[in-house]
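Trainee: Could we take a close look at the aromatic rings in this model, and at what lies around them?
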Amino acid sequence: MGSGKVTDWQGKHVTVAGLGVSGVPAAKVLHGLGAVVTVVNDGDDERARAQAAELEALGITVRLGDGATLPEGTELIVTTPGWRPDKPLFAAAAEAGVPVWGDVELAWQLRGPDAAPWLAVTGTNGKTTTVRMLASILRAAGLRTAAVGNIGVSLLDVVLGEEPYDVLAVELSSYQLHWAPSLRAHSAAVLNLAPDHLDWHGSMEEYAADKGRIYEGNRVACVYNVADKATEDLVREADVEEGCRAIGFTLGTPGPSQLGVVDGILVDRAFVENRQKNAQELAEVSDVNPPAPHNIANALAAAALARAFGVPAQAVRDGLRAFTPDAHRIAHVADVDGVAYVDDSKATNTHAAEASLAAYESIVWIAGGLAKGATFDELVAKSAQRLRGAVLIGADRALIREALARHAPEVPVVDLERTDTGAMRAAVREARGLAHPGDTVLLAPACASMDMFANYNKRGDAFAEAVRELDAAGA
């Protein structure tokens, strides 16, 4: 029961590791297929007990507060993405020769014989935007598609649902790729690689290797970022099908087998006749919303995957024009007294924050939260010239303060010790005091939000609300 196709689930003993958003549906699906399902979960809180009761009513065994022991007779483990590979349960599984799949592997295994091919996207930042742009382009070409995976509809629901799709735009995290041994995409992209989730993967090398799994067995195109050599290295190391091509995207002029930008036009020199001499215009930079550099890179990656699937040039332009970005991604909230206020609460790591800071000339930066093991020296050193001031919030703000002292000592810093619900309002007021007309007050925290907020959405909402209060006060 390794990575081969499983056709008969009747009576198979499957252990699902973890409840949560992917564990509960996985358990239900497997139970419905006739498997004997046991769910193990570390936590034993109120939410876990409610989920357990729902599953037990169906006849599924749930063991709360004991995620370490391998249930007797287990033939397969299906794990939720949050469970780290160094868990004792997985060591016990390895010793017993029991394979471990993630939710993505399970979905891949359960696809029907005429299942839609997958165009897959991973990377430290920009995944969701790129996948949603890709889905918009595919729709503009008249294809039945959905943005799935780490976002939107669950992959399990899509592969088991009644609705027929022509192609799927799939966002995959490094966690999901780690546990997806038999996944084979039509074409795939790694957008960028920067240190993230190293507490989960153990090292940058392991993290990169998991991202690189997305290229394994690709049929048509492995899309990489010309500006990020590590992504090209992963293509070189991948074992792909004969005839699969390496396709680069760049913010500069593209070479053959690349997509890039020439005089404000997105152009394709990969999927054209005689690519040594010819280029196909796809869209204008102004068709990309917002046209910040990192977002143009996202658009080029989406275009490359769509073109690999045979989508005409006009659909790329129409799809990009039809696309609207998610909330809390470099979202302009308001202008107050000549100062722009921008919410990029989704910038939960240093790499995302760096892209955000690069989009503006003169910035009062609101940053801080949970660092997740990150360091901030490189981010601050690269962005120092753009900083008018900084307001720091959250549990690990001292790490950013120290990096500012080392690399941008002349930048005024306000260190807010508060972590109560009014802290964001105070941060916005402090930022207003540091800003001059023409500046941008940018919430790009470079940190996770859970020290003060339920999630990055709530953090962004708090920022937007505080800005609207400023605006309403006419102050």
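Mentor: Let us begin with a term: a residue is called buried under 20% relative accessible area, exposed over 50%, and partly exposed in between, using a 1.4 Å probe and protein chains only. The model is predicted, so local features need pLDDT of at least 70 and side-chain atom pairs count only at pLDDT 80 or more, while totals for chains, interfaces and linings use all residues. Residues are numbered from 1 along each chain as its sequence is written, and side-chain values use heavy atoms, with hydrogens and water left out.

Rings of Phe, Tyr and Trp (its six-membered ring) pair if their centres lie within 6.5 Å, and planes under 30 degrees apart count as stacked, over 60 as edge-to-face and the rest as tilted. By this rule there are 4 aromatic pairs. Helices (H or I, at least four residues) and strands (E, at least two) are DSSP runs, numbered from the N terminus. Trp9 lies in the segment before β1 (13-17) and Trp101 in strand β5 (residues 100-102), so this pair ties together parts that are 92 residues apart in sequence. Both Trp9 and Trp101 are buried.

The ring centres of Phe90 and Trp179 are 4.8 Å apart with the planes at 50°, so that pair is tilted. Phe90 belongs to helix α3 (residues 88-96) and Trp179 to the loop between α7 (174-178) and β9 (187-190), 89 residues apart. Phe90 and Trp179 are buried, and ring pairs link Trp83, Phe90 and Trp179 into a cluster.
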